[in-house]
Amino acid sequence: MDEIHINGRAELLDALSRATGGETFILAAGDYGTLSVSGRSFLDTVTIKAATAGDSVHFDGIKLNNVTNMAFDGIDMGRALKAGEPEYTQINRVDASTNISFNNVHIHTSQDNDVTNDAWGMYVVRSSQISITNSEISDAFRGVIFDKTNDIVFQNNFVHTLRSDAANFSAVNNVLIDGNTFTDFFPADGDHPDTIQFWTNGQTVGSSNIVITNNAMLQGKGVGPQGIFMGEEVGTLPYTNVLIQNNILFSADQYHGISVYHGDNVRIIGNTVTSPSNDSKMYWILADRLTNSTVSNNVADKILNVNSAGLVTDHNLLLSGNTEAAALIPNLLAGAGTTIADLLIAGYGYQRPVEKPTPTPEPTPTPEPTPTPEPTPTPEPTPTPEPTPTPEPTPTPEPTPTPEPTPTPEPTPTPEPTPTPEPTPTPEPTPTPEPTPTPEPTPTPEPTPTPEPTPTPEPTPTPEPTLPAAGHNAGSLFGTAIIHALQDLMLSPNARGSATLSLSRALNVIEPVDSRDTAPAAPSAQEVHHAVIAGIGDSAAAAGIGGLIGNALPGFGFGAAHEASGNPYLYMSHSSPGVMPWLRTENFA
């Protein structure tokens, strides 16, 4: 759906009231107050996005209750506590909602560099499909709290300047905590800040399917926090299916680096958990009442196994009392200046995540454009041989229609009697009496005397090469012969033998196959005016002469087989009545 530009709080509230799903509202810089949305289930994600990066679009807080499908991008979310508000005030809250995301946002409270007057940055409860990514969380009593919530993504965030815990989780399922950086904790008296803390206190269900990977937790300018702490206060709600891998933790004056109490299938692999070398407290990895679990390939001051039967521990590098191992990390006394690079040891513990060269292969589908071979169908143009029908211009022999003068018989109505096959006209051409006895048996020799002029087909053999290419133009060469044959045929049913002979002679000078002289489709009652059985030999010959008749006799066509008799037939379409008034077809069955 198109982006909708918003200028001011009133426009935003109006646009949201009319939104159905899929809209993206681009907000101009400004102060939009507190945004409260309740009881809205959008068909698709509605996005609220800052027009420019930074904190130019400010909300005092975001409050969502029973909302589905909303996203926030590039906005500033927070305010200082008001007079009389407690430290556990929830500046931003998501309750009973689904598919809510916060990307590239800044979650905070007072921003006065005094964490003692700050509140909770964000509280998420009874919700699902919640994500906070690529964001900054700062200046808060507690950063974020997820309670009774499933399908959580907390990834690539920078969390700093806090009084107590950075990220808390309780009664959660399907959780990804990945690629975050935590630093600069300033606890008040009595506080013991945790970077990532899970608890079961006050819950009826435990937490499961938890992945904590690639996070960096450094003491920084403040007091060292505890690291990853998973406490099981109820005693009957163990953590199940937990992976804690490739995290780096550096803190002073704390014991709990990675501590998991009561769990099954817990894997603590490839982490670095260290403290300054002159620290009196060992920053440890603690496995308490774990089953089916592993602690391997870690760097730590110390590893403790408390009532964890069958715990697998291998390839771990312990620094406490091991001067050689401690020498591998020479800058452990750097304090706030300690960097991730100072804590790396090849082959053990945390390693910088290898950036995934992900989508780069996707552009490689450039080979798809390579289907240039498709243009190679240039061979199709190679049908240049078709232009080779240059022999068509060669029908210069057509001008040779010197045989056309022979149609002199046409002017002389005598040709009608010439159908010597019919006994009556024979008296005029005296030679016809001779054929009369034999005309029907061997019509071919005797009728030929009268069409001696027609023997033009014999000279025409010279155009034979040209005729095949000319196709329909052959009518101009043999029109006379065909007309005589058809006249014979039409004037007398008894003249079929003679007509056959004339048509056969005409046929003998025509190539039997011409792609343009294909037999027409069998005539329908609507298309055919008259159809007569001509008895012109086999269907191949009929197909060969079909085009010739079509040109010599306008309005006529020649079919390959009569639908009743199976013989070739001559037909005249409705479009040509009256073309040849002398033609009498009513005498034929």
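**Entry 1: helix H1**

I began with the buried residues of H1, which pack against strand E1 (3-6), strand E2 (24-27), strand E4 (34-50), strand E5 (57-59) and strand E6 (61-73). I take contact to be heavy atoms within 4.5 Å. Helices (H or I, at least four residues) and strands (E, at least two) are DSSP runs, numbered from the N terminus. The model is predicted, with local features needing pLDDT of at least 70 and side-chain atom pairs counting only at pLDDT 80 or more, while totals for chains, interfaces and linings use all residues. Residues are numbered from 1 along each chain as its sequence is written, and side-chain values use heavy atoms, with hydrogens and water left out.

Which residues of helix H1 (residues 9-18) are buried? I found Leu12, Ala15 and Leu16. They line one face of the helix, because seen down the axis of H1 they fall within an arc of 100°. That arc is taken from the directions from the helix axis to the C-beta atoms. Ala10 and Arg18 are exposed on the other side of H1. For cover I use these cut-offs: buried is under 20% relative accessible area, exposed is over 50%, and partly exposed is in between (1.4 Å probe, protein chains only).

**Entry 2: the whole chain**

Next I stepped back to the protein chain, where I noted six helices and 36 strands. Of its 589 residues, 49% are buried. Its accessible surface comes to about 26,400 Å², and carbon and sulfur atoms hold 54% of that; the area is from the Shrake-Rupley method with a 1.4 Å probe. I also looked at contacts between residues at least 6 apart in sequence: 63% of them join residues at least 24 apart.

**Entry 3: strands side by side**

I traced an open sheet of 12 strands with parallel pairing, in the order E3-E5-E7-E10-E13-E16-E19-E22-E25-E27-E30-E33. At its edges I found strand E3 (30-31) and strand E33 (317-318), each pairing on one side only. Two strands pair if DSSP finds at least two bridges between them. Inside this order, strand E10 (residues 106-108) and strand E13 (residues 136-140) run parallel and are joined by three bridges. Ile107 has Ile137 in E13 as its bridge partner.

Then I turned to strand E12 (residues 128-133), which is mostly covered, with five of its six residues buried. Five bridges join E12 to strand E9 (residues 98-103), and the two run parallel; here Phe102 stands opposite Ile132. Five bridges also join E12 to strand E15 (residues 150-155), again parallel, and there Ser131 has Val153 as its bridge partner.

**Entry 4: Arg163**

Is Arg163 buried or exposed? I have Arg163 down as buried, because its relative accessible area is 11%. I found Arg163 in the loop between strand E16 (158-162) and strand E17 (167-170). Its side chain makes a polar contact with the side chain of Glu87 (2.7 Å) and another with the side chain of Asp191 (2.8 Å). A polar contact is a pair of N or O atoms within 3.5 Å; within protein, one must be able to donate a hydrogen and the other to accept it, and residues adjacent in sequence count only if both atoms are side-chain atoms. Not counting residues up to four places away in sequence, Arg163 also touches others, including Val115, Phe141 and Pro193.

**Entry 5: Asp314**

Asp314 is partly exposed, with a relative accessible area of 41%. Asp314 and Ser296 are 18 residues apart in sequence, yet 4.9 Å apart in space, C-alpha to C-alpha. Leaving aside neighbours within four places in sequence, I found Asp314 in contact with Val295, Ser296 and Asn297.
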